[in-house]
Amino acid sequence: MKLRRRLLAAATLPLAVDGAPLPQRLRSTLVGASPALSVHRRSIFEREAGASPLEPTIRAIKFWRRVGPIVVHYKFMEAWFKIARKDNLARRTEAWDRLHARHAQTGLKVILELRGLYVKIGQVMSSRADFIPRQYVDVFATLQDKTPPYEQERIEAIVRESLRSCQGVGMEDVFESIGEVLGSASIGQVHKAKLTNQYGGDTVAVKVMHPNSERMFADDFKVFRTLCKVALPGWDPILRELETQMLTEFDYENEAHNLQLVRANMQKSPYANKVRVPEPMVDLCSKNLLVMEYLSGNKLAENIEEKLAAILDGDKQMARKVLMAKQQALFESKNVGHKKRKGLLRELSDMLGESDDSLGVLRKTRKALQLISMTRDVRKKLSLLLDATGHQIFQDGVYNGDPHPGNVLVLDCGRLGLIDYGQTRKLTKHDRLALSEVVAALGKQHTNAREISNAMREFGFCSRDSNDENIARFAALYFDSDAEGKKLGYATPQKYMMHLNSVDPMITVPDPAVFVARTSFLFRGLGALLQQQLHTSHHWRKHAVLALATDGEGKPLYNLGLTPPAV
C-alpha cells in the first residue's frame, strides 16, 4: 500500500524540470505506474516508449490457446469422416453445421480480444458468403464496421497531437465537435465531426488510427501464416501479397492522395453521376489522421434489408429471415436466380402469407411486385458497382483492393458511395493489358481453354505441367466464379483450389493478379450476401476489351494473335 501511494504521488510530479524533459525511462515508468495520468499524456508516452517486447509472444499464446483446440477439432472431424466412410450427406452436413455453430462465437471473441489483423481477417471471412460457413459469416458480419471502438478521450488525444505536431494548429481551432462513431474496424475508427467556421463549417468524417496497430499487424501476420500452413494450404501467395499491401494502410496521408486520384478518375468516367468518392481535406491529414467529406447514407446490405422490411410492413425479423434463406440457397449452390416467373410468384406468395395469413390476393400481388422491383434494383446496384470497379481496374489502373461490404454505401441522393481506399492498388500498363487479355478471353460466351491459358502465361502465371485446361480453370477461379468447382462437388473455393493444385500445381502467381483476384472473390461474396450469383468476368469483359482497343494500339498483344472484338 505504501509503495502504491508513493508511485501515485510520484506520478503527480511535473514531467519536466526547468523546461528540460525527464529521462525516457523515468517518464515511461511514471506513465505505467499511474492511472491518474491523462489519457493524452499516456498516448504520447506509449508511442515513444513502445510496446513491451513480450507483447507479440503474449498475443501469440492467447491466439493459439483459443484457436488451437478449434483447429484440432476440425482436423479430427475431417479424419473421422475419412475413417468412418460415412456417406450420408445429411448427417455430415448436420455434424459440420454443429461444429461451425459451436466455434463461430469463440472465433469472434478471439478477434475482439486481439483486434488488429484478426479483425481484418474476420472482415474478409464475413464478406465471403460463398466460401466461409454461414455460421461464421453471420457472426463475423458485425466486424464490417461495428468493432468496439476505442474511448473517445483517447481518440481525441490522437487527433489533438496529430494536428499540433503536423499542422501546427489546435484541435479546437479545427473541429467544433467530434461526435458519434460511424464505424470501427481493424486499424482505426471513423467519427462524424463538425468543422469550425474557420475551416468551412462542414460536416466531415474523421478517420483515426488505433494506437500501436502497425506493430501488432506485423507480429500477428507471423502467427496467422502458421495457421494457414496448418489449416489453409495453398494460400501462401495470396497471404504474402495481402501482408505487403495491408502494411501500406498505415499511412492515412497516402490514403488521402489515393482518394484524390480515384475521385478525379471517377469524375471523368461514365459513372460520374452514379457513384461518389469522398473528397479528402489533404491539408488536415497526416499518417494517423484522415479528414474527408462526409457521405450521408447506409451500407448496401443494410439498405436492402430495410427496403424488404418496409415491404413486409416493417417486419425486420422476417426480412432478415428471408435474406438468410436466400443466402443459404446460394451456399448450397441452388440456382436461385433462374426460376420461372410462375414459381417465383408462388414463392413470394408463400413468403408473404407466412408474414400475414389475412393478406388479400391484391395486397399480396402488390407486395410481390414491390419485391420484384427491389430485386431488380439490387441487381442494378451490383452491376453499377462491378462496372465502376471494372473501369478503375482496366481503364484507370487504380482501384480499391479491399471492396468489402462495409465500403459500399447507398447515399441519400441515390448514388453509390465508395469509401476506404487504404488498400488502393495500381497496375502498370503492361499488367493492365495482360490482365485484360485474360478477362477478355475468360468472359466470352464460348471460351477457349488454349486462349485463356496462353493469356495467363503471358500475364506471368506458371504451372508445373502447363496443362491448358487446368490453367483455364485457375483463371475462372481467380477472375470469374467458383461455379465449376461446385459442379465438380467441391463445396468451397479452397477445396477446389487444392484439387487444381493436385492436378497441375501453380508455381508462380504474379503479384498484380493477387489483389484483382481478391477483389473478384470479395464481389462474389458480396453478391452472395445480397442474394445474387456473380460472374465477374462477364461484367468486366467490356472494360477489358475497351482497354485493349484503346491502349493496345490495335496490335495483337504478346504475340498471341488475339484481335479485340468490337465493344
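Colleague: Before we start, what counts as a salt bridge?
Modeller: A salt bridge is a side-chain nitrogen of Lys or Arg within 4 Å of a carboxyl oxygen of Asp or Glu. Side chains of opposite charge can pair when their charged atoms come close.

Colleague: And what sort of model is this?
Modeller: This is a predicted model, where local features need pLDDT of at least 70, side-chain atom pairs count only at pLDDT 80 or more, and totals for chains, interfaces and linings use all residues. Residues are numbered from 1 along each chain as its sequence is written, and side-chain values use heavy atoms, with hydrogens and water left out.

Colleague: How many salt bridges does the structure hold?
Modeller: There are 23. One of them joins Arg-450 and Asp-468, whose closest N and O atoms are 3.0 Å apart.

Colleague: Where do those two sit?
Modeller: Arg-450 is in helix H18 (residues 449–459) and Asp-468 in helix H19 (residues 468–479), so the pair links distant parts of the chain, 18 residues apart. Helices (H or I, at least four residues) and strands (E, at least two) are DSSP runs, numbered from the N terminus.

Colleague: Is Asp-468 buried or exposed?
Modeller: Asp-468 counts as buried, at 19% relative accessibility. Arg-450 is at 49% and counts as partly exposed. Buried means under 20% relative accessible area, exposed over 50%, and partly exposed in between (1.4 Å probe, protein chains only).

Colleague: Which residue forms a salt bridge with Lys-207?
Modeller: Glu-255, with the closest N and O atoms 3.1 Å apart. Lys-207 lies in strand E5 (residues 203–209) and Glu-255 in helix H12 (residues 252–267), so this pair ties together parts that are 48 residues apart in sequence. Both Lys-207 and Glu-255 are buried.

Colleague: Changing topic: which way do the side chains of strand E10 point?
Modeller: E10 covers residues 408–411. Val-408 and Val-410 point one way, Leu-409 and Leu-411 the other, and all are buried.

Colleague: What does E10 pair with?
Modeller: Strand E8 (residues 297–299) pairs with E10 in the antiparallel sense over three bridges. Strand E11 (residues 416–418) also pairs with E10 in the antiparallel sense, over three bridges. Two strands pair if DSSP finds at least two bridges between them.

Colleague: Which residues stand opposite each other there?
Modeller: Asn-298 stands opposite Val-410 in E10, and Val-408 stands opposite Leu-418 in E11.

Colleague: What about the turn between E10 and E11?
Modeller: That hairpin has four residues between the strands, and Gly-414 takes a positive phi near 100°.
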